[in-house]
Amino acid sequence: MELILDLGNTNQKIALFNAGNLLWVEAKNRLTLSYVKSIVKQNPEIESCILSSVVRVSSSLSTFLEKHFRFILVNEFTPLPIRNLYQSPETLGKDRLAAAVGGFNQFPGQPVLIVNAGTAITYDFVTREGDYLGGLISPGLQMRFRALHTFTKELPLLTYREIDFLTGSNTDSSVFSGVINGMASEMEGIIARYQSEYPGVRIILSGGDLNYFVNRLKISIFALPNIVIYGLQQILAFNDKKPL
């Protein structure tokens with residue numbers, strides 16, 4: 001059994017895999033050492049663990065995991081089942097790297113673009129040969145709502161609600177349309193450019209805001225909510241095949 005920890009900016013996820021199959025996943029605002037210990041106690045079959053974080057990892061957590069398991073803390077030197085061609089690997093978010101691995105594993109031998117709609121929207125591209133080239137980063141949904149409120153004097157702070165219009169008839173509806181339709185149009189436009197440059201590219205949509213856009217995009221996509229979790233499991237499995 002494998003323990004997967006993904007510490008993101010907004011959510012922190014913990015998951016269990018067995019023989020490559022996702023058994024359970026949970027998202028929390030913050031994963032504490034005591035909670036991780038409780039999961040470990042309930043699952044004595046755990047043999048290996050991988051941790052990816054875009055925030056600071058407590059030394060007590062990493063020490064505990066290293067002491068009890070075959071443990072990988074993902075960094076720019078971690079061996080991968082794809083080739084990382086990013087020009088500054090030390091600055092690359094570990095979540096983006098794991099998403100790229102997860103996407104390539106879903107469609108091996110095909111070009112794939114992973115769109116991860118979270119705190120930020122990330123677009124990560126892997127060639128059919130398994131070369132990770134990089135991608136794009138733009139503001140996520142809540143970041144756009146917050147930016148309009150923060151950097152203007154009059155615009156309200158809004159959160160997502162479902163809309164079916166283009167033209168806003170008041171300030172609130174204008175903000176809703178600008179943020180939601182603007183974000184969907186951005187996704188469609190960037191995806192269309194990749195489809196033009198890389199015919200046959202497969203598109204994966206993931207992230208915490210996945211459900212807001214999966215039916216709004218007028219293109220063929222593959223929805224996979226936990227692409228980073230799956231990618232981390234693939235990295236762990238890849239390293240478990242060789243001595244560390």
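Start by selecting Asn-18, which stands opposite Asn-21 in strand S3. The model on screen is a predicted one.

**Stop 1: the hairpin.** Now click on Ala-19. The hairpin of S2 and S3 has 2 residues between the strands, and Ala-19 takes a positive phi near 55 degrees.

**Stop 2: the five-stranded sheet.** Next, show the sheet to which S2 and S3 belong. It is an open sheet of 5 strands in the order S3-S2-S1-S4-S5, and its pairing is mixed. S3 and strand S5 (70-73) are the edge strands, each pairing on one side only. From one strand to the next, the twist averages 15 degrees.

Select strand S1 (residues 2-7) and strand S4 (residues 48-53). They pair in the parallel sense over 6 bridges. Within this pair, Leu-3 stands opposite Cys-49 in S4.

Which helices pack on this sheet? Helix H1 does, touching S1, S2 and S3, and its direction makes about 155 degrees with that of S3. Helix H7 (residues 227-240) also packs on the sheet; H7 touches S1, S2, S3, S4 and S5, and its direction makes about 130 degrees with that of S1.

**Stop 3: H1 and H2.** The crossing is right-handed.

Show the side chains where the two helices meet. From H1 these are Leu-33, Val-36, Lys-37 and Val-40; from H2 they are Ser-60, Leu-61, Phe-64 and Leu-65. By class, this contact has 6 nonpolar, 1 polar and 1 charged residues.

**Stop 4: the six-stranded sheet.** Move on to the other sheet. It is open, with 6 strands in the order S6-S9-S8-S7-S10-S11 and mixed pairing. Its edge strands are strand S6 (83-84) and strand S11 (222-223), each of which pairs on one side only.

Select strand S7 (residues 112-117) and strand S10 (residues 202-206). These run parallel and are joined by 5 bridges. Asn-116 has Ser-206 in S10 as its bridge partner. Helix H5 packs on this sheet and touches S7, strand S8 (120-126), strand S9 (131-139) and S10. The direction of H5 makes about 10 degrees with that of S8.

On the H4 side, select Leu-141, Arg-144, Phe-145 and Leu-148; they meet Val-175, Phe-176, Val-179, Ile-180, Gly-182, Met-183 and Glu-186 in H5. The residues of this contact divide into 8 nonpolar, 1 polar and 2 charged.

**Stop 5: a pair of rings.** The whole structure contains 8 aromatic pairs. For one of them, select Tyr-160 and Tyr-212: the ring centres are 3.9 Å apart and the planes are at 15 degrees, so the pair is stacked. Tyr-160 lies in the loop between H4 and H5, and Tyr-212 lies in helix H6 (residues 210-213), so the pair ties together parts that are 52 residues apart in sequence.

How values were computed:
Residues are numbered from 1 along each chain as its sequence is written. This is a predicted model: local features need pLDDT of at least 70, side-chain atom pairs count only at pLDDT 80 or more; totals for chains, interfaces and linings use all residues. Side-chain values use heavy atoms; hydrogens and water are left out. Contact means heavy atoms within 4.5 Å. Helices (H or I, at least four residues) and strands (E, at least two) are DSSP runs, numbered from the N terminus. Ala, Val, Leu, Ile, Met, Phe, Trp, Tyr, Cys and Pro count as nonpolar, Asp, Glu, Lys and Arg as charged, and the others, Gly among them, as polar. Two strands pair if DSSP finds at least two bridges between them. Axes are lines fitted to C-alpha atoms, for helices over the stretch in contact, and angles run from 0 to 180 degrees between N-to-C directions. A crossing is left-handed if the near helix is turned anticlockwise from the far one by less than a right angle, and right-handed if clockwise. Rings of Phe, Tyr and Trp (its six-membered ring) pair if their centres lie within 6.5 Å; planes under 30 degrees apart count as stacked, over 60 as edge-to-face and the rest as tilted.
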